[in-house]
Amino acid sequence: MTEINVVANLNRVQQRLRNAERDAGRSEGCVALLAVSKTKPVSLIRQLAAAGQQAFGENYAQEAIDKAQQLAELPLEWHFIGPIQSNKTKGLATHMDWIHSIDRLKIARRLSEQRSPERSPLQVCLQVNVSGEASKSGIPPTQLTELAHEVAALPNLVLRGLMAIPDKASSSRQDTGPFDELRELLETLRRDWQGSPPPLDTLSMGMSADLEAAVMAGSTVVRVGTDVFGAR
Ligand SMILES: *Cc1c(COP(=O)(O)O)cnc(C)c1O
């Protein structure tokens, strides 16, 4: 097995992110980097944690729960970005800090019920199926306003924004289309909010292949796996 220098990779991705922020005319450091560690060993997460990376993303529920428990002594921030089944909500509500992939009220309700009120609330994003979406998951934009208001009313969740996973073929370093669509959906949601609005300050979009386009379109957190941890 070839040694992979994840810390050097992390520094390269951080540099890319700073360049993308500058090219987009945005302030330095305004986009957060979520290191997506799915399928990768905790030893590599420890190396990155020692280099200062705190936010890690996982998209298989049991793996996310196991890793968060194994690394509980480190001051890490755990983000769940994958599909959610009802029988995993308890573990996710207990061990995650963020959930990016809410696309059903039923799941949001369970997460809120199972999050201890003594803890800080779970920070959540709704996953939207924008044009050219790779996965089948995510709500259609027409259902966004209703679900957002329902989720925002749940006691132990804080609705922070939206997430999308555009298809690799339709998003590239240049194509900002699907990312612009997600930003516009967040802007509309904020503008038309009925009642006292949740923070709605997060656009979770951009991965290894397309982070530049996502930053150009207004991303606030990019989710990078391959370019930090190597191919899966
Ligand atoms: C795996 C994954 C990523 C990271 O993708 P890379 O192309 O490896 O950077 C980002 N977001 C989600 C939802 C993922 O499942």
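**First stop: helix 1**

Select helix 1 together with its surroundings: its buried residues pack against strand 1 (32–36), helix 2 (42–50), helix 8 (211–216), strand 8 (221–224) and helix 9 (226–229), where contact means heavy atoms within 4.5 Å. Before going further, note that this is a predicted model, in which local features need pLDDT of at least 70 and side-chain atom pairs count only at pLDDT 80 or more, while totals for chains, interfaces and linings use all residues. Residues are numbered from 1 along each chain as its sequence is written, and side-chain values use heavy atoms, with hydrogens and water left out. Helices (H or I, at least four residues) and strands (E, at least two) are DSSP runs, numbered from the N terminus.

Now pick out Val6, Asn9, Leu10, Val13, Arg16, Leu17, Ala20 and Glu21, which are the buried residues of helix 1; buried means under 20% relative accessible area, exposed over 50%, and partly exposed in between, with a 1.4 Å probe and protein chains only. They lie on the same side of helix 1, because they cover an arc of only 135° around the axis, the arc being that of the directions from the helix axis to the C-beta atoms. Turn the view to the face away from this buried side, and you will find the exposed residues Arg12, Arg22 and Asp23.

Asn5 caps the N-terminal end of helix 1, with a side-chain oxygen 3.2 Å from the backbone nitrogen of Val7. Beyond the helix comes Gly25, whose phi is positive, near 70°.

**Second stop: the ligand**

Which residues surround the ligand? Select Val36, Lys38, Asn59, Ile81, Ile165, Met207, Ser208, Arg223, Val224, Gly225, Thr226 and Arg232 to see them; a residue belongs to this group if one of its heavy atoms lies within 4 Å of the ligand. Within that group, show the side chain of Lys38, where an N or O atom is 2.6 Å from an oxygen atom of the ligand. Then show Thr226, which has a polar side-chain atom 2.5 Å from a ligand oxygen, and Arg232, where an N or O atom of the side chain is 2.9 Å from an oxygen atom of the ligand. The protein covers 94% of the 390 Å² of accessible area that the ligand has on its own, as computed by the Shrake-Rupley method with a 1.4 Å probe.

Move to the loop between strand 1 and helix 2, where Ser37 is placed. Is Ser37 buried or exposed? Ser37 is buried, with a relative accessible area of 0%, and, leaving aside neighbours within four places in sequence, Ser37 is in contact with Ile45, Phe56, Gly57, Glu58, Glu63, Lys67, Trp78 and Phe229.

Thr39 is also in the loop between strand 1 and helix 2, and at 46% relative accessibility Thr39 counts as partly exposed. Most residues other than glycine have a negative phi. Thr39, however, has a positive phi, near 70°. Leu200, found in the loop between helix 7 (177–191) and strand 7 (202–204), has a positive phi near 45° and counts as buried at 0% relative accessibility.

Notes:
A polar contact is a pair of N or O atoms within 3.5 Å; within protein, one must be able to donate a hydrogen and the other to accept it, and residues adjacent in sequence count only if both atoms are side-chain atoms.
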